[in-house]
Amino acid sequence: MNPRTLRYLVNEGGRGIRRHRVMAFTAIVTMSASLLVLGVFLVASYNMRQALARLEERKEVVVYLREGVAEDDRTLFEERLKLHPAVVGARFVSKDEAWEEFSASMHAEGLTDAVGRNPLPDAYHLVLAPDRRDAATIAGLASEVGTWDEVEEVVTGGEWVGRLDRFARSVLLFTAAIGLAVALSIVVIVANTVRLTLLARPDLIHTMKSVGASETFIRIPFLSEGVMQSALAGVVSLAALYGATAFLSSRVADLQFISPSWCLGFLGSAVVLGFLGSALSVRNVLRQAGL
């Protein structure tokens, strides 16, 4: 779209809003309230996804080695582990290191004397690739590595991983459902507002048609008006959401505002919904008018 066309569309949309200030103001306020509802769920979803991402990073597979694995065999085993497509890192923890960590966490430095020997095995803590942290991949990795000769046991926290994946899917579906409901409400609001604007100017429409204006030329001002109203509503709701998030962030730990890319997506969605509502209303009204 060239600058002249964009300037024309903006001018037409602004002219329509100025002509019907009260109606446009009411529509912008109503759409802002609807978008604010969506924004609240977006902020909640964004922070939930950040928390889930931090939990995803804690997904770890621990491979316990059999007693008596030679140093050379362990080195080959480690190289074999790192070649697995789901593994991006493998940290070796010797039995002595594991016992020291255990004793320190239990505040029982003299526990070795009481037990008589270190019962913990050598182990590898595997770091998984970000796209390979789902429950199915982890279970497959554990099943495969568990059959290797050097392995005594593989621990994955399978039930916890499965619950986390199910919770993440539930959050995604819930947010999508809320977003769809709000999107439909915005389309209806814009469509009704543009419809009232069209019905208030029947003479203008017929005059434009009588002088040879094409249907596309007649549609453009009303489409621009609806899009501008939605864009303004998006900016207003985003500003209100930012202020509310900034206020609450001092009271709620780790509360973050949505990222710039999410902001752009939010505004883009508002514009698209405004266009859809305007297009729907203009088509219906012009069809009823026989144009």
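The questions below concern a predicted model and the reasons behind its labels.

Q: Why is Ser230 called buried?
A: Its relative accessibility is 1%. Buried means under 20%, so Ser230 counts as buried. Ser230 lies in helix H9.

Q: Which residues is Ser230 in contact with, leaving aside its neighbours within four places in sequence?
A: They are Met31, Leu35, Val190, Ala270, Val271 and Gly274. Each counts as a contact because heavy atoms come within 4.5 Å.

Q: What makes a set of residues a nonpolar core, and which members of the largest one touch the most other members?
A: The residues must be buried, of nonpolar type, and joined through side-chain atoms within 4.5 Å. The largest such core has 24 residues, and Met31, Leu35, Ile186, Leu238, Phe257, Ile258 and Phe266 touch the most other members. Two or more residues come from each of helices H2 (21–57), H7 (158–199), H9 (215–249) and H10 (260–288). H2 gives the largest share, 8 residues.

Q: What is Leu238 in contact with, beyond its neighbours within four places in sequence?
A: Phe257, Ile258, Cys263, Phe266 and Leu267 are its contacts.

Q: What makes the nonpolar surface patch of about 260 Å²?
A: Phe247, Leu248 and Val252 make this patch. Of the three, Phe247 is placed in helix H9.

How values were computed
Residues are numbered from 1 along each chain as its sequence is written. This is a predicted model: local features need pLDDT of at least 70, side-chain atom pairs count only at pLDDT 80 or more; totals for chains, interfaces and linings use all residues. Side-chain values use heavy atoms; hydrogens and water are left out. Buried means under 20% relative accessible area, exposed over 50%, partly exposed in between (1.4 Å probe, protein chains only). Helices (H or I, at least four residues) and strands (E, at least two) are DSSP runs, numbered from the N terminus. Patches are made of residues with over 30% relative accessible area and no salt bridge: like charges are joined within 9 Å, nonpolar side chains (Val, Leu, Ile, Met, Phe, Trp, Tyr) within 5 Å. Accessible areas come from the Shrake-Rupley method with a 1.4 Å probe; for residues, only the protein chains shown count as cover. A salt bridge is a side-chain nitrogen of Lys or Arg within 4 Å of a carboxyl oxygen of Asp or Glu.
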